[in-house]
Amino acid sequence: MAQPRYTRIDNTRRPASSYCSTVTIVVFVALCLVGIWMMTSSSLGPDQSVDVVPLDNKDGIKNQMTPPEDAAGETPKEEKKGDGDESSSKEEKTKEESTSSGETKSETEGLKDNPEEENPDSNEKQTKPETEDNESGEDGENQKKFEADGIEKKSSDDETGNEGAETKPEKENSKTNVEQESQPKNETSGGAQLELVNETIAQNGSFSTQATESKKEKEAQKSSGDQIDFKWKVCNTTAGPDYIPCLDNVQAIRSLKSTKHYEHLTGEYLTFPGGGTQFKHGALHYIDFIQESVSDIAWGKRSRVVLDVGCGVASFGGFLFDRDVITMSLAPKDEHEAQVQFALERGIPAISAVMGTTRLPFPGRVFDIVHCARCRVPWHIEGGKLLLELNRVLRPGGFFVWSATPVYQKKTEDVGIWKAMSELTKKMCWELISINKDKINGIGVATYKKPTSNECYTSRSEQNPPICAESDDPNASWKVPLQACMHTAPEDKTQRGSQWPEQWPARLDKPPYWLSSSQTGVYGKAAPEDFSADYEHWKRVVTKSYLKGLGINWGTVRNVMDMKAVYGGFAAALREMKVWVMNVVPIDSPDTLAIIYERGLFGIYHDWCESFSTYPRSYDLLHADHLFSKLKQRCNLTAVVAEVDRVLRPEGKLIVRDDAETIQEVEAIVKAMKWEVRMTYSKEKEGLLSVQKSIWRPEEVETLTYAIAT
């Protein structure tokens with residue numbers, strides 16, 4: 001029987017063709033494996049290096065990278081990193097290639113970037129915010145591991161609102177320097193922070209100009225790379241921790257009849273000076289009584305911005321918040337020394353100021369109403385200089401509300417003052433439109449209206465007070481001496497003050513009628529377009545960055561100062577928040593303060609090389625947008641930051657946007673004061689810094705002999 005034939009697999013005498021094909025297959029498989037390994041390594045390498053390697057910033061700011069966010073806006077867990085998934089790596093590589101093909105918008109178009117259009121899947125990297133609270137449990141373990149790898153885990157938004165989002169910068173807020181060096185910007189990426197940088201560069205002309213200015217400054221000061229040994233001392237003054245530079249004049253204090261500190265203390269309670277005599281039945285009743293007397297006042301609609309002279313502890317301004325009215329309250333530092341300090345502690349806007357020999361630091365024709373209740377200001381003396389100063393800052397058609405004792409008391413002194421005031425206001429063409437007595441509070445209120453035309457001025461039989469010279473600018477107010485003269489009302493309908501602003505809140509977001517397209521705005525565009533672009537821009541920045549990405553619990557913020565306000569866009573963007581903003585326009589910046597008032601906000605002129613007129617520890621948050629780089633050209637930057645320290649409350653926040661070199665300098669100074677750095681950010685030689693003031697004070701003391709009363 002024939003046997004079947006079998007082919008043995010271990011036959012040593014295989015045909016040559018079979019042997020060659022086997023070798024070919026083995027080599028091919030090996031090459032495939034090597035190729036796959038190389039592709040995997042090359043696709044994972046850049047991501048890993050970007051994630052863990054600190055930024056090599058040419059400007060000297062050290063930033064650390066956070067893990068990329070996934071499409072849902074969440075940070076991937078640690079086990080997702082480096083999982084070797086080839087398809088994921090190819091997708092990331094494809095995204096990088098598609099991003100690099102995008103074109104960068106020009107600086108003049110930077111305000112048009114729309115964060116809403118950003119790609120939610122873009123693999124952006126961010127700088128590290130320094131967290132306030134340590135995480136616990138599994139998240140705490142992951143946090144430690146991330147920090148060990150040179151990465152800080154970002155927390156996602158939780159149900160607690162702002163507090164839960166304190167340590168998470170928005171995904172669309174920034175692109176890192178590493179990404180910037182490896183690929184061009186995508187016009188839809190970069191986020192609100194980068195967009196603001198572009199806007200600010202436009203404001204200053206161009207970034208190259210900023211660099212030139214910084215170069216000049218470095219020639220006069222030490223290089224920013226040098227290590228400066230900051231030494232701090234506590235100021236020893238008679239005023240103690242409440243010392244106000246420039247205002248604590250020892251010679252003037254000695255001449256006061258009384259130098260009692262906090263004289264309004266009764267047991268465990270505070271008795272606010274003035275509040276008990278003027279508003280016996282509450283400030284709201286008094287505010288309603290004023291409107292009942294003059295319906296055209298229309299609190300919160302026609303009347304939005306008020307100046308309260310001799311404000312006491314600012315109860316009037318405080319309760320006007322309930323009527324959607326903001327009040328600039330001022331009072332001197334006299335025997336009622338703590339009254340402005342009390343006002344600021346209550347969260348009410350107030351400044352320490354006097355009406356004396358120079359103009360108030362406000363533009364002309366900006367306040368809707370000027371109010372004075374028991375302010376004891378001698379308006380009628382010296383040719384009426386003080387009342388004429390109120391006339392300068394009051395809008396044509398605005399009201400002067402006066403409820404001092406001469407209005408309703410019949411004492412000899414009061415009768416004499418009322419007679420003098422009546423004669424003066426008639427010569428000033430102010431119309432007495434109402435004088436009523438509040439029977440409940442037992443006080444009287446006289447309301448005057450400023451004319452809207454020059455007809456009365458020209459028809460006076462006696463030109464006294466005289467009309468100011470044409471060369472006298474009513475907006476010039478920084479240390480300008482008072483003069484007993486009146487400025488005429490604007491007759492051209494395109495001039496500011498010729499028309500009443502739109503009712504609140506419509507006036508907030510509309511360019512003022514007197515801004516012309518033929519005017520060039522601060523940022524280089526036509527003025528109305530500049531205004532609108534600035535507002536839209538700040539709304540995006542505040543919403544997408546400030547409220548979520550800077551580690552700030554906004555529930556603790558009430559008193560805010562914008563140290564370089566421009567159009568007031570930052571304050572306008574915070575309108576829905578329960579905060580008020582003091583808009584400061586530096587005296588060497590474009591004079592835009594009148595625009596801020598026109599939109600229903602308020603502010604003040606100031607020279608930041610001097611001390612600000614407020615008590616120490618007055619503000620919860622300070623915001624400085626490209627201010628310090630300009631100041632250090634003529635001021636001592638350390639002294640300016642020391643003034644910021646004086647004004648800011650312990651645990652208060654400071655947000656600084658500036659060129660990277662200046663950010664580094666400011667960061668070094670605040671670190672020397674033991675402040676906590678919450679976040680640093682740098683891109684294209686521009687930077688952002690968010691810090692929190694500590695309660696640290698130096699141990700060494702320095703006595704200021706000029707501030708010691710003997």
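Figure 1. Ala 298 is buried, with a relative accessible area of 19%; the cut-off for buried is under 20%. The residue belongs to the loop that runs between helix 9 and strand 4. When neighbours within four places in sequence are left aside, the contacts of Ala 298 are with Gln 291 and Ser 303. Asp 288 is 10 residues away along the chain, and its C-alpha atom is 10.0 Å from that of Ala 298. As the structure is a predicted model, the values in this and the following legends are computed from predicted coordinates.

**Figure 2. The chain as a whole and its confidence.** The chain has 710 residues, of which 52% are buried. Its secondary structure consists of 22 helices and 18 strands. Of the contacts with a separation of 6 or more, 73% are between residues 24 or more positions apart. The average pLDDT of the chain is 73, and 60% of the residues score at least 70. Over residues 40-226 the pLDDT stays under 50, and the model has 332 contacts beyond four places in sequence for this stretch. Where pLDDT is low, the predicted coordinates should not be read in detail.

Figure 3. Strand 7 and strand 8 run parallel and are joined by five bridges. Across from Val 401 in strand 8 stands His 371.

**Figure 4. The aromatic pair of Trp 379 and Phe 400.** The search of the whole structure for aromatic pairs returns 17. One of them is formed by Trp 379 and Phe 400, an edge-to-face pair with 6.1 Å centre to centre and 85° between the planes. Trp 379 is in the loop between strand 7 (367-372) and helix 12 (385-393), while Phe 400 is in strand 8 (residues 394-402), so the pair ties together parts 21 residues apart in sequence. Both partners are buried: Trp 379 has a relative accessible area of 1%, and Phe 400 has a relative accessibility of 0%. Trp 379 and Phe 400 form one aromatic cluster together with Trp 430 and Tyr 448.

**Figure 5. Arginine side chains at the ring of Trp 500.** Arg 302 places its charged end over the ring of Trp 500, at 3.8 Å from the ring centre. Arg 395 lies over the face of Trp 500 too, at 6.0 Å from the ring centre.

**Figure 6. Two cis peptide bonds.** The bond from Asn 464 to Pro 465 is cis, and its omega is near 5°. Pro 465 is located in the loop between helix 15 (455-458) and helix 16 (506-509). Trp 504 and Pro 505 are also joined by a cis peptide bond, with omega about 5°. For Pro 505, the location is again the loop between helix 15 and helix 16.

Figure 7. Cys 429, a residue other than glycine, has a positive phi near 70°. The loop that holds Cys 429 runs between helix 14 (412-427) and strand 9. Cys 429 is buried, and its relative accessible area is 9%. Lys 674, likewise not a glycine, has a positive phi of about 70°. Lys 674 is in the loop between helix 22 (660-672) and strand 16 (676-683).

Key. Residues numbered from 1 in each chain as written. Predicted model: local features only at pLDDT ≥ 70, side-chain atom pairs only at ≥ 80, totals over all residues. Heavy atoms only, no water. pLDDT = per-residue confidence, 0-100. Contact = heavy atoms within 4.5 Å. Phe/Tyr/Trp six-rings, centres within 6.5 Å; stacked < 30°, edge-to-face > 60°. Helix = DSSP H or I, 4+ residues; strand = E, 2+ residues; numbered from the N terminus. Buried < 20%, exposed > 50% of the residue type's maximum accessible area, 1.4 Å probe, protein only. Lys NZ or Arg CZ within 6 Å of the ring centre and 35° of its normal. Pairing = 2+ DSSP bridges.
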